[in-house]
Amino acid sequence: MAFINYLIHLAILIGIYSILTVSLNLAVGFTGLLNMGHVGFFGIGAYTSALLSLAGFPIWLSILCGGLLAMISGLLLALPTTRLKGDYLALATLGFTFIMGSVARNWTDVTRGALGIPGIPKIVKGNPEFLVIVLIIAAITYFVFWKISKSRFGKTCEAIRDDELAAKMLGKDTFKHKIAALGISAFFAGIGGALFAHYITFIDPSIFGIGDLILLFSMLIVGGLASVKGSAIGTIILFLLPEPLRFIGFPSSILGPMREIIFALILLLILIYRPKGFFGRVDLA
Amino acid sequence: MISVQKLDKHFGGVYAVHNCTFTVKENTITSIIGPNGAGKTTLFNLICGISKPDGGKIFLRGTEITGLPTHQIARLGISRTFQQAKLFRNMSVKDNLLIAKTASDSEIKEVLKSVHFPLDMNTKASELSYGQMRLVEIARALLKPHKLLMLDEPTAGVNPKVRQELKEILFDLKKKGHTILLIEHDMEFVMSISDDVIVMTQGAVLTRGTPKQVQADKRVLEAYLGK
């Protein structure tokens, strides 16, 4: 029974993280925006939903508000930053994630700072039921982004990624497309964050940590850029691959670093031998 | 078709385009020639909204387009190719064209045929030779609804066969009623296809006229070779 619970726990986390990876791919893989603010949107969704539900709002409304506030943040972040390119955009959006972490740590009246927010209500009592909810939302997310990838909007985003000036010369308002891509991407990250908060029932400022950002980008790169399927499979691979370590009996002081080593090794091998990831359509170069 | 009036653009103290004035008539092929650094590509960038002018005005069929964003100018009817072919390299030839306009497969095949593109439309753009990229870029510019087609050095880096094909393509387009403005360094190409030639030097229009008139103008030779 404990093993089944463990598998359900794993599946729930895979479901939540696949929402994050698939949505990150719209900005990074499809539109070519090196967005490091995704964890910031994830945290905003988590905090918003946690605080609203604890204030008595219905949980589903809180989750939706988490997504919407993350989307608004995404749109506001996009306004000044999408005029930047490559490394500069990455630095500016990474700064956003750090600022959000700082707000969570210091706005103690609302967030309780480093103490975090405990007792966040669960959506449903049992984990199997929650797994069903997460899988449904993950499936909806997958479907939405698959439709986007086939749509005219998605194709234009890809054109912007490959050559923004050429896209402009074909009459495309690239600025609006980039803002929309970041906004949609942030909405789903916020929903993912909200689900995470209601599953773990406790959040603190470490939710804005860079570790999760690296994990998300690793999943994206392993699965492949500009592939919705790749994002989902990359998430599964990176979640499952280090799991056998748990059963070898290493002490936890070794287990954590070993997971990091495995992630780094996988990334290195992918970058050398499969620069497009498993299902990617875009060369990382 | 297009009217450029007293256009100015300077970078620091250097004028890239200075007091530049000319018009392009409907259904003609007009070539802009001039030595390197004459301001030809800067002029193209000003017309397309890629750079903002410091002075002067640009009109497209009577509508002022000076300083508008590039995508708006494109929507008003300017199609353009670049000195270096700018294709969406991770997309197929077909998808490259579909960004320009929603079109059926037969429309895409037709426009690719009109530029003598020899391969399948599902070929990935990154797999094309440079000459083929040029052809796809021209096809894409043609497919986008336009009033004026601007080509920046269409023969640069292509082999003599493709160059000859380009000549035929441009003649065909003119017959179909297109208005073309191009920058070109290949004088034989320019003189054989142009109705009108504009010679630029140091950011300004030195002279303009038919190919014969321009060839007979001593100032043109001086601009290229010096006095």
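This is a predicted model: local features need pLDDT of at least 70, side-chain atom pairs count only at pLDDT 80 or more; totals for chains, interfaces and linings use all residues.
Colleague: Which residues are buried in helix 4 of chain B, and why do they line one face of the helix?

Modeller: Helix 4 of chain B covers residues 105-114, and its buried residues are B:Ile108, B:Val111 and B:Leu112. Looking down the axis of this helix, one finds that the buried residues line one face, because they fall within an arc of 100°.

Colleague: Which helices do the buried residues of helix 4 of chain B pack against?

Modeller: Two residues are in contact if their C-beta atoms lie within 7 Å. The partners of the buried residues of helix 4 belong to chain B as well, and they are helix 3 (93-100) and helix 5 (130-143).

Colleague: Which residue takes a positive phi just after helix 4 of chain B?

Modeller: Just after helix 4 of chain B, the backbone has a positive phi of about 60°. The residue that takes this angle is B:His116.

Colleague: What is the radius of gyration of chain B?

Modeller: The secondary structure of chain B comprises nine helices and ten strands. For 227 residues the globule rule gives 17 Å, and the value for chain B is close to that, so the chain is as compact as a globular protein of that length. The radius of gyration of chain B is 17 Å.

Terms used: Residues are numbered from 1 along each chain as its sequence is written. Chains are lettered from A and ligands numbered from 1 in the order in which they are written. A residue is buried if 20 or more other C-beta atoms lie within 10 Å of its own, exposed if 12 or fewer, and partly exposed in between; C-beta atoms are placed from the backbone. Helices (H or I, at least four residues) and strands (E, at least two) are DSSP runs, numbered from the N terminus. The arc is that of the directions from the helix axis to the C-beta atoms. The radius of gyration is taken over C-alpha atoms; the globule rule is 2.2 Å times the number of residues to the power 0.38.
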